Amino acid sequence: MEETDRNAPTDQVPEGGVVTEDPAEHSVWPLWEVFVRSSRGLSHVHAGSLHAPDAAMALRNARDLYTRRNEGTSLWVVPAADITASDPDSKGGYFESPKGKSYRHATYYKQSEGVPHL
Amino acid sequence: MNSAAGFTSQDSATRISVGDALTPEDVSASSAVAAEDTARYALMLGDDCLILAQRLGNWISRAPELEEDIALGNIALDLLGHARFFLTYAGSAWGKSEDDLAYFRDEEDFRSCRLVEQDNGDFGKTIARQLIFSFYTHELYSRLVDSADATLAAIADKALKEVDYHQDHAAQWLLRLGGGTAESSRRVQAGLDAAWPYVEELFADVEPTERLAEQGVAVLPSALREPVLDRLHAIITEAGLNPPEAKGAFGADRSGRFSEHRGFILAEMQVLARQHPGASW
C-alpha cells in the first residue's frame with residue numbers, strides 16, 4: 001500500500017491552509033462565540049464556539065455544550081462574525097510597547113513615608 | 001455526599017461542584033417503600049422514559065450537526081435518569097433493583113406507551129415525537145409534584161426542570177422546521193401525522209391510575225388530555241403546521257400486545273446484560 005505524505009501539498013488546500021470560500025455557500029450554520037459566567041460576581045469568560053442557525057438556538061446549544069458539568073449560571077452568545085479581533089501579525093505594534101514600562105505598574109512606586117491609608 | 005454515586009462531589013479537572021440534586025441512589029437509600037399500586041404506576045412512568053432514552057440514544061453520531069447530536073444525547077441521558085428514579089422506586093416494592101426491572105423483564109411486562117416506541121425516522125419525526133412526549137410529561141410532572149406520595153413528588157420535581165428544557169428544545173425546532181423550507185415543513189408534518197394515532201394512549205386511565213388518582217398519589221391520565229392537546233395545537237398552529245386529526249390507534253392499554261417495536265427495542269437494550277449478568281466496569 002502506498003504511503004501518504006500528509007505534508008505534501010495538494011490541489012484542494014490553498015497555500016497557507018486558508019480556505020477562502022464563503023462557508024455560507026455550503027449552508028453551514030454560522031459560528032457563535034460562547035461566554036459563560038460560572039457564578040455571581042464573576043465576569044463572563046470565553047468558553048469556546050459552536051454552530052447554530054440563529055441566536056436562540058445558539059443559546060440552547062451553548063447550554064448543552066458548555067454547561068453540562070454545572071459550569072454556569074449565565075450564558076452569552078455572540079456571532080463570531082461580529083467580533084473585531086486584533087491582527088495576529090501585528091503583535092509587535094500592538095503589544096510590544098507596554099513591555100518594560102514598569103512605571104505603569106503600581107508596584108513600581110515606593111510607598112511614601114508618613115502617608116496614611118496606602 | 002453522593003458517595004454511592006461512584007464519583008466525588010468535586011471534579012478534579014475543573015474543580016466544579018457537581019451540585020446538589022436528588023439521585024436514584026438517594027431514592028434507593030431512603031427507607032421509602034412503594035405500595036404495590038404506586039410501584040406499578042412508577043413502573044409505567046419509568047418505562048416511557050427508559051424506552052425513549054434508548055430510542056434517542058440511537059441519534060448519537062447521526063444527528064444533522066454535532067451540536068444537535070449532543071443536545072439529543074443530553075436529553076436521552078436526562079430521560080434515562082428519570083427512568084432510573086422511577087424504576088428504583090418501583091423496585092422497592094418487590095425487592096428488585098433498577099437493573100432487574102430494566103434488563104430482566106420481558107416484553108409483556110413493560111408498560112411503555114407506543115408513542116415512545118415509534119422509530120426515530122428522520123429529524124422531523126423525532127422532533128414531533130419529542131414535542132408530544134415532552135409537553136405530556138411537563139403537564140404530568142407539574143401536577144405530580146403535589147402527589148401524596150413524597151417520593152413520586154420529589155422525582156417529579158427533579159424531572160420537571162429537565163423536561164422544561166426538553167419541551168423548549170422540541171418547540172424551538174418545530175417552529176424552525178415548520179417555518180423553514182417546504183421540505184422541512186413537509187417532513188415535520190409527516191412526523192406529527194405518524195405520531196398522532198399514539199397520542200390518545202397517553203391519556204388512557206389504565207390500571208391502577210384511577211385508584212391512585214383518587215388517593216391523590218397519581219395524576220389521572222385523562223385529566224391531562226385537554227391541557228396537553230390545547231398546548232400542542234397552539235404550538236403546531238404557530239409553526240404553520242396542521243394539528244393532525246387522526247383517531248387513536250386501537251389497543252391503547254400499554255400492554256405491548258399491539259406494539260410493533262417493543263420487542264426489538266428490548267432485544268437490543270437487554271442483550272448485553274442478559275449475556276453477562278452482573279457484569280460491571
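A contact, on this tour, means heavy atoms within 4.5 Å. Keep that in mind as you click through this predicted model, in which local features need pLDDT of at least 70, side-chain atom pairs count only at pLDDT 80 or more, and totals for chains, interfaces and linings use all residues, while side-chain values use heavy atoms, with hydrogens and water left out. Residues are numbered from 1 along each chain as its sequence is written, and chains are lettered from A in the order in which they are written.

**Stop 1: colour by confidence**

Colour both chains by pLDDT, the predictor's confidence in each residue, from 0 to 100. Chain B averages 93, and 94% of its residues score at least 70. Now select residues 1-14 of chain B: here pLDDT stays under 50, and the model has 19 contacts beyond four places in sequence for this stretch. Chain A averages 80, with 77% of its residues scoring at least 70. Select residues 6-20 of chain A, where the pLDDT is below 50 and the model shows one contact beyond near neighbours in sequence. Where pLDDT is low, the predicted coordinates should not be read in detail.

**Stop 2: chain A as a cartoon**

Show chain A as a cartoon and walk along it from the N terminus. In which order do its elements run? They run β-β-α-β-α, which comes to two helices and three strands. Helices (H or I, at least four residues) and strands (E, at least two) are DSSP runs, numbered from the N terminus. Of the 118 residues in chain A, 18% are buried, where buried means under 20% relative accessible area, exposed over 50%, and partly exposed in between (1.4 Å probe, protein chains only). Among contacts in chain A with a separation of 6 or more, 41% link residues 24 or more positions apart.

Next, select A:Asn70, in the loop between helix H1 (55-66) and strand E3 (74-79) of chain A. Its phi is near 65°, a positive value in a residue other than glycine. A:Asn70 is partly exposed, with a relative accessible area of 40%.

**Stop 3: where the chains meet**

Select the residues of each chain that touch the other.

**Stop 4: inside helix H2 of chain B**

Select B:Ala42, in helix H2 of chain B. Is B:Ala42 buried or exposed? At 0% relative accessibility, it counts as buried. Leaving aside neighbours within four places in sequence, B:Ala42 is in contact with B:Phe86, B:Tyr89, B:Ala90 and B:Leu152. Try the distance tool on the C-alpha atoms of B:Ala42 and B:Ala83: they are 41 residues apart along the chain and separated by 9.1 Å.

Now move along H2 (residues 36-57) to B:Asp47, which is also buried, at 0% relative accessibility. Its side chain reaches the backbone nitrogen of B:Arg111 at 2.8 Å. The residues that B:Asp47 touches, not counting those up to four places away in sequence, include B:Leu87, B:Arg105 and B:Phe110.

**Stop 5: two backbone details in chain B**

Most residues other than glycine have a negative phi, and most peptide bonds are trans. Select B:Glu207 and B:Pro208: the peptide bond from one to the other is cis, with omega near -5°. B:Pro208 is found in the loop between helix H8 (182-195) and helix H9 (209-214).

Finish at B:Arg254, in the loop between helix H10 (221-238) and helix H11 (262-275). Phi of B:Arg254 is near 60°, a positive value, and the residue is buried, with a relative accessible area of 1%.

Key. A polar contact is a pair of N or O atoms within 3.5 Å; within protein, one must be able to donate a hydrogen and the other to accept it, and residues adjacent in sequence count only if both atoms are side-chain atoms.
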